[in-house]
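I opened a new structure today and kept notes as I went.

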Amino acid sequence: QVRLVESGGGMVQAGGSLRLSCAVSGGTFSWYAMGWFRQAPGKERAFVGAVTRSGGGTRYADSVKGRFTISRDNAKNTVYLEMNSLKPEDTAVYYCAAVRGISDYYYTEGNRYDYWGQGTQVTVSS
């Protein structure tokens, strides 16, 4: 079974940085397009960023463009989300997700993903 485990969440002051990691096991990592989503209290799950199988293509939500960077290391079976200039409104549970892709493409819709991690809490204080 494909398993995704997020790590790296925590508390940080506004303006600070965090790097989230998502380790994937039980599947061929290089076959999976990967995405990051987040869910704030009282809000629906929202798209954050996505990366293609090869890592050559990325896309971000407007709310995080210029501040967040998604990347992957296929040798380590890990996808990362580097978060800079964090704001209180970034506070949420962050989830990574995976879907097996035939071609090198990314996906922004949560329902495209088949596998999800348990989430990691990110709290940004004022």
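Predicted model: local features only at pLDDT ≥ 70, side-chain atom pairs only at ≥ 80, totals over all residues.

Strand β5 covers residues 46-51, and β4 pairs with β5 in the antiparallel sense over five bridges. The two strands form a hairpin, with six residues between them. I checked the turn and found that G42 has a positive phi of about 75°.

Next I asked which other strand to note beside β4. Strand β9, residues 92-100, pairs with β4 in the antiparallel sense over eight bridges. I looked up A33 as well, and its bridge partner in β9 is V99.

Is β4 enclosed or open? I found seven of its eight residues, 32-39, buried, so β4 is largely enclosed by the rest of the structure.

**The whole chain**

I counted elements next. The chain has eleven strands and zero helices. Its radius of gyration is 13 Å, close to the 14 Å that the globule rule gives for 126 residues, so the chain is as compact as a globular protein of that length. The C-alpha trace spans about 45 × 25 × 25 Å along its principal axes.

I noted burial too: 45% of the 126 residues are buried. Of the contacts with a separation of 6 or more, 61% join residues 24 or more positions apart.

I recorded 14 positive and 10 negative side chains, with the centres of the two sets 3 Å apart.

Notes
Residues numbered from 1 in each chain as written. Heavy atoms only, no water. Helix = DSSP H or I, 4+ residues; strand = E, 2+ residues; numbered from the N terminus. Rg over C-alpha atoms; globule rule 2.2 N^0.38 Å. Buried < 20%, exposed > 50% of the residue type's maximum accessible area, 1.4 Å probe, protein only. Contact = heavy atoms within 4.5 Å. Lys, Arg positive; Asp, Glu negative; His and termini not counted. Charge placed at Lys NZ, Arg CZ, Asp CG, Glu CD. Pairing = 2+ DSSP bridges.
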